[in-house]
Amino acid sequence: MENYSHFIFARALHIAAIVFWIGGVAFVTTVLIPALKNIPEANDRLELFEKLEGKFGFQAKITTLITGLSGYYLLNYLDAWDRLLHLHFWWMHLMIFVWLVFTLVLFVLEPLFLHQWFRKQALKDSDSAFAWLHRMHVVLLSLSILAVLGAVAGSHGFSFQLM
Ligand code: HEM
């Protein structure tokens, strides 16, 4: 196969970016938000959240870009576009879906209105705003982990075909 070492490099880069990105999402979901919920003063809670999540937001943007570019390269190299037509490659659809959701949130919704909207909600009713934020993160983290499990098993030969 032509350019096999490029393919191996793109695959390694894909995973390194995902470690920083989904690892960060796991930290925010399982450590940061639960710890913030224990801060009694609503303003302190919001201020700390904005400081920390703001820093992670930058990292998430870079790693989302690297994941998307390397994923596109892998798909092209393998000439595997037709997988998207088959349901038993659901993990391919899920990878792309997770990527699309994060890209939309980070690059479009956050700067447009999500950041201001959450700020307003958190100042009005901090407990329910942070409970909502936690639920959203749990849903996205669960989908991401399912994508990782499905992609590792699927790309190493496990077939999810039931019939
Ligand atoms: C535009 C988005 C993405 C595209 C186009 C894409 C594409 C690909 C392709 C083509 C492969 C190789 C499959 C194979 O060797 O059969 C792959 C592997 C993989 N991808 Fe993605 N991907 C994307 C996003 C993601 C995301 C968001 C995650 C994690 C949540 C992810 C996790 C993985 C994992 C864990 C592997 C398996 C690597 C291995 O075990 O060797 N990908 N991806």
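**Exercise 1: the ligand shell**

Task: find which residues surround the ligand, and which are the closest.

Solution. Count the shell: 24 residues surround the ligand. The closest are Gly 71, Leu 74, Met 95, Ala 151 and Ser 155. A residue is near the molecule if its C-beta atom, placed from the backbone, lies within 6 Å of it. Residues are numbered from 1 along each chain as its sequence is written. The model is predicted: local features need pLDDT of at least 70, side-chain atom pairs count only at pLDDT 80 or more, and totals for chains, interfaces and linings use all residues.

Next, sort by element. Helices are DSSP runs (H or I, at least four residues), numbered from the N terminus. Helix 1 (4–37), helix 2 (42–78), helix 3 (90–124) and helix 4 (126–155) each supply at least two shell residues. Helix 2 gives the most, with 7 residues.

**Exercise 2: helix 1**

Now look at burial. Val 28 is among the buried residues of helix 1, as are Trp 21 and Leu 36. Buried means that 20 or more other C-beta atoms lie within 10 Å of a residue's own, with C-beta atoms placed from the backbone. The buried residues of helix 1 pack against helix 2 and helix 4. Contact here means C-beta atoms, placed from the backbone, within 7 Å.

Notes
A residue is buried if 20 or more other C-beta atoms lie within 10 Å of its own, exposed if 12 or fewer, and partly exposed in between; C-beta atoms are placed from the backbone. Two residues are in contact if their C-beta atoms, placed from the backbone, lie within 7 Å.
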